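Please look through the sequence and the model below before reading on.

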Amino acid sequence: MIFADASLPIAGRTGTLQNRFETAPASCAVGRVRAKTGSLRDAGAMAGIAKGTDGKERVFAVVSNGQPYDADLRGRIDSFVATTTLCM
């Protein structure tokens, strides 16, 4: 993750991802995801790089539009992103 190493927050550890990926099953992705988040009242997004349990890096982007950006939506985004690490 040369590009992402210094430029993106780490899931469950730093920046805007520090308090994300806290609950299972998404918690398996802590430390494996570096991403940028974005939100509006009725939209949420996350894009970045995930390191899989197989050692491969995967680029991902997820956007939800037309739903309230609340804890439920954040949790669903986190769970979706966690699947890119193959830990779920």
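The expected span of a helix is taken as 1.5 Å times one less than its number of residues. Helix α2 covers residues 71-83, and because it has 13 residues, it should span 18 Å at 1.5 Å a residue, which agrees with the 19 Å that separates its end C-alpha atoms. These values, like those that follow, are computed from a predicted model.

At the start of α2, a side-chain oxygen of D70 comes to within 3.2 Å of the backbone nitrogen of D72. Within the helix, the buried residues are L73, I77, D78, V81 and A82, and what covers them includes the strands β1 (33-40), β2 (43-51) and β3 (57-65).

M46 lies in strand β2, and it counts as buried because its relative accessible area is 1%, whereas the cut-off for burial is under 20%. Leaving aside residues up to four places away in sequence, M46 touches I77, D78 and V81, and its other contacts include L17, R20, F21, A35, K36, T37, F60, A61 and V62. M46 and L8 are separated by 38 residues in sequence, and their C-alpha atoms lie 11 Å apart in space.

Beyond the helix, in the segment after α2, stands T84, which is buried with a relative accessible area of 15%. A polar atom of the T84 side chain lies 2.6 Å from the backbone oxygen of V81, and, not counting residues up to four places away in sequence, T84 also touches A50, G52, R58 and F60. L86 is found in that segment after α2 as well, and it has a positive phi of about 65 degrees although it is not a glycine; with a relative accessible area of 43%, L86 is partly exposed.

In the loop between β1 and β2 lies D42, a residue that is partly exposed at a relative accessible area of 36%. D42 touches S64, N65, G66, Q67, P68 and Y69, again not counting residues up to four places away in sequence. From D42 to D70 the C-alpha distance is 8.8 Å, although the two are 28 residues apart in sequence.

The loop between α1 (2-7) and β1 holds P25, and the peptide bond from A24 to P25 is cis, with omega near 10 degrees. F21 is found in the loop between α1 and β1 too, where it has a positive phi of about 60 degrees although it is not a glycine. Is F21 buried or exposed? F21 counts as buried, because its relative accessibility is 2%, and F21 is also one of the residues that M46 touches.

Finally, what lines the largest pocket? The lining is made up of N19, R20, F21, E22, T23, A26, A71, R74, G75, D78 and S79, and the pocket holds about 150 Å³ of space. By class, this lining has three nonpolar, four polar and four charged residues.

Definitions and conventions: Residues numbered from 1 in each chain as written. Predicted model: local features only at pLDDT ≥ 70, side-chain atom pairs only at ≥ 80, totals over all residues. Heavy atoms only, no water. 1 Å grid on protein atoms, 1.4 Å probe; cavity = no way out; pocket = protein on both sides within 12 Å on 5 of 7 lines; lining within 4 Å. Points joined across faces, edges and corners; volume = space filled by probe spheres on them. Nonpolar A, V, L, I, M, F, W, Y, C, P; charged D, E, K, R; others polar. Helix = DSSP H or I, 4+ residues; strand = E, 2+ residues; numbered from the N terminus. Buried < 20%, exposed > 50% of the residue type's maximum accessible area, 1.4 Å probe, protein only. Contact = heavy atoms within 4.5 Å. Polar contact = N/O pair within 3.5 Å; in protein donor to acceptor, adjacent residues only side chain to side chain.
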